[in-house]
Amino acid sequence: MNPHILLVEDDATIGRSLTGALENEGYHVTWVPSGAGARTVLQVATPDLVLLDLGLPDMDGADLCRELTALEPSLRVLVLTARHDPADVVVSLDAGAIDYVKKPFRLAELFARVRAHLRQAQGSEDERVTVGSLQLDHSARRLWLGSRELLLTPREFDLLSLLAQNAGEAVRREHIMDEVWEPNWNGSTKTLDVHISAIRRKFAQADIPGTPTIIALPRVGYRLDAP
Ligand code: CA
């Protein structure tokens, strides 16, 4: 499948030529001239990359960026900016953009950035772990059972993430403490059991078919088993 790029650009000359050039590179491009258009696309698709002009007719590009990345945290937005104020760059990066390119840009430069970011996106695809109906996205730090997103504390997330990466295998108590709490943990490991109970409770509350089971292995640790 060709990577899908959403281009949000109100300047028709730039929009048209950039769409053509990206298509020539083999990308599937959706070009919209406004923030409203971008919202509509995002309702039905998750592009691999968004190229976003900061100066849009209907809203501020940085606001749109903030809105879209809040909606879809794994979304990669590369900002195209004609403005010369370095503060704009800071604002857009704060708004969740991963990078920016200043207009006017050379196509070769833009394409190099696009390729680099798509490679990274591919890398984070590989960071997804699936066990039964459980899906975990490391880069976005999100977890789903089926289509239901589960809200976990940071510690619960790290713990479950470690078990999921080693699904079907015993993960030793000391190893969990080292990885999820702190290296050479000396205190009681009771806190681990408390966190496991909390995760089990959330699993039970969600009540989704295909949920993996956390097995306690006395004197060893825990194992996450696919259903
Ligand atoms: Ca513009």
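Two strands are taken as paired if DSSP finds at least two bridges between them. The structure described here is a predicted model. By the bridge criterion, strand β3 (residues 49-53) and β4 pair in the parallel sense, over four bridges. Within this pairing, Leu51 stands opposite Leu78 of β4, and Asp53 stands opposite Leu80 of β4. On β4, Val79 has Tyr100 in β5 as its bridge partner; β4 and β5 (residues 99-102) are likewise joined in the parallel sense over four bridges.

These strands belong to an open sheet of five strands with parallel pairing, in the order β2-β1-β3-β4-β5. The edges are formed by β2 (28-32) and β5, each of which has a single partner strand, so one side of each is left without a neighbour in the sheet. Averaged over the sheet, and with direction ignored, neighbouring strands are turned by 20° against each other. Helix α3 packs on this sheet and touches β1, β3 and β4, its direction making about 155° with that of β3. Helix α1 (residues 12-24) lies across β1 (4-8), β2, β3 and β4 and runs at about 170° to β2. A right-handed β-α-β unit is made by β3, helix α3 (residues 61-71) and β4.

Strand β4 (residues 77-81) is mostly covered, with five of its five residues buried. In a regular strand the side chains alternate between the two faces of the sheet. In β4 both faces are covered: Val77, Val79 and Thr81 are buried on one side, and Leu78 and Leu80 are buried on the other.

A calcium ion has three protein donors, Asp10 (OD), Asp53 (OD) and Gly55 (O), which lie 2.2 to 2.4 Å from the ion. The spacing of the donor residues in sequence is D-x42-D-x1-G. Asp53, the residue opposite Leu80 in β4, counts as buried because its relative accessibility is 5% and the cut-off for this class is under 20%. Gly55 has a relative accessible area of 31% and is therefore partly exposed.

Met59 is located in the loop between β3 and α3. With a relative accessible area of 18%, Met59 is buried. Leaving aside residues up to four places away in sequence, Met59 touches Gly35, Ala36, Arg39, Leu54 and Leu64. One of these, Gly35, is 24 residues from Met59 along the chain, and the C-alpha atoms of the two are separated by 6.3 Å.

A second sheet, open and of four strands, has antiparallel pairing and the order β6-β7-β8-β9. At its edges stand β6 (128-131) and β9 (148-150); each has a single partner strand, so one side of each is left without a neighbour in the sheet. Strand β8 (residues 142-145) and β9 run antiparallel and are joined by three bridges, with Leu145 standing opposite Arg148 in β9. Helix α8 packs on this sheet through contacts with β7, β8 and β9, and its direction makes about 160° with that of β9. Helix α6 (residues 154-165) lies across β6, β7 (134-137) and β8, running at about 115° to β7.

Two packed helices are described by the angle between their axes and the distance between the axes. For helix α7 (residues 173-181) and helix α8 (residues 190-206), the axes come within 10 Å and cross at roughly 80°. Helix α7 is therefore roughly perpendicular to α8. On the α7 side the contact is made by Arg173, Ile176, Met177 and Trp181, and on the α8 side by Thr191, Leu192, Asp193 and His195.

Pro218 is found in the loop between β11 (213-217) and β12 (221-225). Its relative accessible area of 66% makes Pro218 exposed. The C-alpha atom of Pro218 is separated by 9.8 Å from that of Arg173, which is 45 residues away along the chain; Arg173 is also one of the α7 residues in the contact with α8.

Conventions. Residues are numbered from 1 along each chain as its sequence is written. This is a predicted model: local features need pLDDT of at least 70, side-chain atom pairs count only at pLDDT 80 or more; totals for chains, interfaces and linings use all residues. Side-chain values use heavy atoms; hydrogens and water are left out. Buried means under 20% relative accessible area, exposed over 50%, partly exposed in between (1.4 Å probe, protein chains only). Helices (H or I, at least four residues) and strands (E, at least two) are DSSP runs, numbered from the N terminus. A crossover is right-handed if, with the strands pointing away from the viewer, the path from the first strand over the helix to the second runs clockwise. Donors are N, O and S atoms within 2.8 Å of the metal (3.2 Å for Na, K and Ca); water is not among the atoms, so sites may look incomplete. Axes are lines fitted to C-alpha atoms, for helices over the stretch in contact, and angles run from 0 to 180 degrees between N-to-C directions. Angles under 35 degrees count as roughly parallel, over 145 as roughly antiparallel, 65 to 115 as roughly perpendicular and the rest as oblique. Contact means heavy atoms within 4.5 Å.
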